[in-house]
Amino acid sequence: MMAAVSIFQVTARLALFFSLWSFAEGGKLLVMPQDGSHWLSMRVAVEKLGQRGHDIVVVIPEATLLMGTSEYYTTLTHPVPYTQETLDKQYQSIGQSVFLQSPFLEKIATIYRNMSTVTTMFSSACRQFLYNKELIKYLEDSKFDAILMDPVLPCGPIIAEYLSLPSVYFMRGLPCGLDFKATQCPNPLSYIPRIFTTYSDHMTFTERVKNLFIDSSENLYCYLFYSKHEELASEFLQREVTVLELFSKASVWLMRYDFVFEYPRPLMPNMIFIGGINCEQKKPLSEEFEAIVNASGEHGIVVFSLGSMVSEIPMKKAMEIAEALGKVPQTVIWRYTGEAPPNLSKNTKLVKWLPQNDLLAHPKTRAFITHGGSHGVYEGICNGVPMVLMPLFGDQMDNAMRVESRGAGVTLNILEMTSKDIADALNTVINDIRYKENIMRLSALHLDRPVHPLDLAVHWVEFVMRHKGAPHLRPAAHDLNWIQYHSLDVIAFLLAVVLVTTFISFECCLFCCRKCFCKKGRDKSSKSKMQ
């Protein structure tokens, strides 16, 4: 009995010691996230860091879609030049623009206008944040060890440069390939398809030609997307600075990629893949959802969500979808906040929110209808659920094509699909055993790793905090200009040497020939005179 008590006391003391040690070792971390699904992935890592005893300050705007408070970090809000209502309407406008039945160029122009409006909104919010003297003074006095950010809109990199903080980037990717340009990572056009191409890493000659043209046009896209932030950065830092230069200062890049889903490609030492970080452990379902799942019987359920930006769609399209869902025997749980379609079947349950990962992890889940966002795709892979993909915009087309090319899902054109197409796609991924086998194979590969992506992300953030950066992982390519990087100066020197050597050799040969022929000519002339 005494021995048992003694062991218990020792265990308790050790647990208390390590707990206190964790808090004693905790650092100060500044976090600047992006809204929407970007935050859903980052929040998991931020809360884990908070649980480990770090003092974390998360800076967010007053108007936000999904970001909020937590017991694991301090939330610091700052005013922005727009209201919550304006923000909500703008995101709804982006989502609805996908469903426009208009000519291609007109649709592209509408999407561009919406994206330009959002970029202007966020750059003006960044300006108001940077010139908030009281807030910036607080950040200066806080003496943070590092900054964790999603840099897709580069207000974070600007403040990191201003405060001279080592930065950790947490992201899926940057527009126009800036992530690979900023890391100096090799990015060959021959087998690495550019975004929006939907190509694989085995491209035909024609596809490689198109890949080259798309790569050449990315600079224009970058200018349109980042020009306002670049002007703001130069103004605030009081020196000429480019967005590419700011991005290249990152210590570590935590990238939500995994080669089970991505195509194999070169990486740099400071690029860490943490794809699937959002695949948390399954939590018990609430009574509401548990009741729905249990009532589905032997046929099981289908989970349906088009992401955080699109929760209502035009009624005509909603009715087509509702008709299709009524043709399958499964119970469909559809995240949808719009007006319920009048032809909604009894097997379809509309909810304003659903615990997506927990539902996908349930053994009675038969399929996942998704827009193809990386967040949902990785949850589908983690839980081994075949997918019907309805990509809307951005990288979703590429994601959908990758899932389909691996035999783990079927892709539909959301504008052209009919109710029959939807029903056929659902029946295919549910009843054709090959789709389940393929997604289970991908899931097994994805989950077979020595360190969970969440633990890996936490380790590298703490690494940067402990060591004030990671300069030993920074390649020397950052210190070379374009001519030096491609060794054009060396090639020019060697060509010059070859040309000079060739010229001298030629001149020597010419001189010798002249000497020789002149001597023979004089000898012949002397002989003729003697005769």
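Analyst: Happy to. Keep in mind that this is a predicted model. Let's begin with an open space: the lining of the second largest pocket divides into 7 nonpolar, 5 polar and 3 charged residues.

User: How much volume does the second largest pocket have?

Analyst: The general idea goes like this: rolling a probe the size of a water molecule over the atoms shows where empty space is left. Here, the second largest pocket comes out at about 420 Å³. It has 15 lining residues, and those closest to the centre are Lys181, Gln184, Trp482, Tyr485 and His486.

User: And which helices each supply at least two residues of that lining?

Analyst: Look at helix H7 (178–182), helix H8 (205–237) and helix H18 (482–485). Each of them puts at least two residues into the lining of the second largest pocket.

User: Which element gives the most to the lining of the largest cavity?

Analyst: That's H4, with 4 residues. Strand E2, helix H3 (84–97), helix H4 (104–130) and H6 each bring at least two residues to this lining. By class, the count is 16 nonpolar, 4 polar and 2 charged residues.

User: Now the sheets. In what order do the strands of the 7-strand sheet run?

Analyst: First the general idea: strands of a sheet pair through backbone hydrogen bonds, either parallel or antiparallel. In this case the sheet is open, its pairing is parallel, and the order reads E3-E2-E1-E4-E5-E6-E7. Strand E3 (74–78) and strand E7 (271–273) are the edges, each pairing on one side only. On average, neighbouring strands of this sheet are turned by 20° against each other, ignoring direction.

User: Which residue in E3 stands opposite Ile60?

Analyst: Thr77 does. Zooming out from that position, strand E2 (residues 55–61) pairs with E3 in the parallel sense over 5 bridges.
Helix H6 (residues 155–163) packs on it and touches strand E1 (28–32), strand E4 (146–149) and strand E5 (167–171), and the direction of H6 makes about 175° with that of E4. Helix H17 (residues 453–467) also packs on the sheet, touching E1, E4, E5, strand E6 (252–255) and E7, with its direction at about 165° to that of E6.

User: What is the strand order in the sheet of 6 strands?

Analyst: Read it as E10-E9-E8-E11-E12-E13, an open sheet with parallel pairing. Its edges are strand E10 (348–351) and strand E13 (409–411), each pairing on one side only. Neighbouring strands here are turned by 15° against each other on average, direction ignored. Inside the order, strand E8 (residues 301–305) and strand E11 (residues 365–370) pair in the parallel sense over 5 bridges, and Val303 has Phe368 in E11 as its bridge partner. H13 packs on this sheet, touching E11 and strand E12 (387–389), and the direction of H13 makes about 160° with that of E12.

User: At what angle do H13 and H16 pack?

Analyst: Helix H13 (residues 374–383) and helix H16 (residues 433–447) pack at about 95°, with their axes 7 Å apart. Angles of 65 to 115 degrees count as roughly perpendicular, so these two helices are roughly perpendicular to each other. H13 makes the contact with Tyr378, Gly380, Ile381, Cys382 and Asn383, and H16 with Ile439, Leu442, Ser443, His446 and Leu447. By class, that contact has 6 nonpolar, 4 polar and no charged residues.

Conventions: Residues numbered from 1 in each chain as written. Predicted model: local features only at pLDDT ≥ 70, side-chain atom pairs only at ≥ 80, totals over all residues. Heavy atoms only, no water. Pairing = 2+ DSSP bridges. Axes fitted to C-alpha atoms, helices over the stretch in contact; angles between N-to-C directions. Contact = heavy atoms within 4.5 Å. Parallel < 35°, antiparallel > 145°, perpendicular 65-115°, else oblique. Nonpolar A, V, L, I, M, F, W, Y, C, P; charged D, E, K, R; others polar. 1 Å grid on protein atoms, 1.4 Å probe; cavity = no way out; pocket = protein on both sides within 12 Å on 5 of 7 lines; lining within 4 Å. Points joined across faces, edges and corners; volume = space filled by probe spheres on them.
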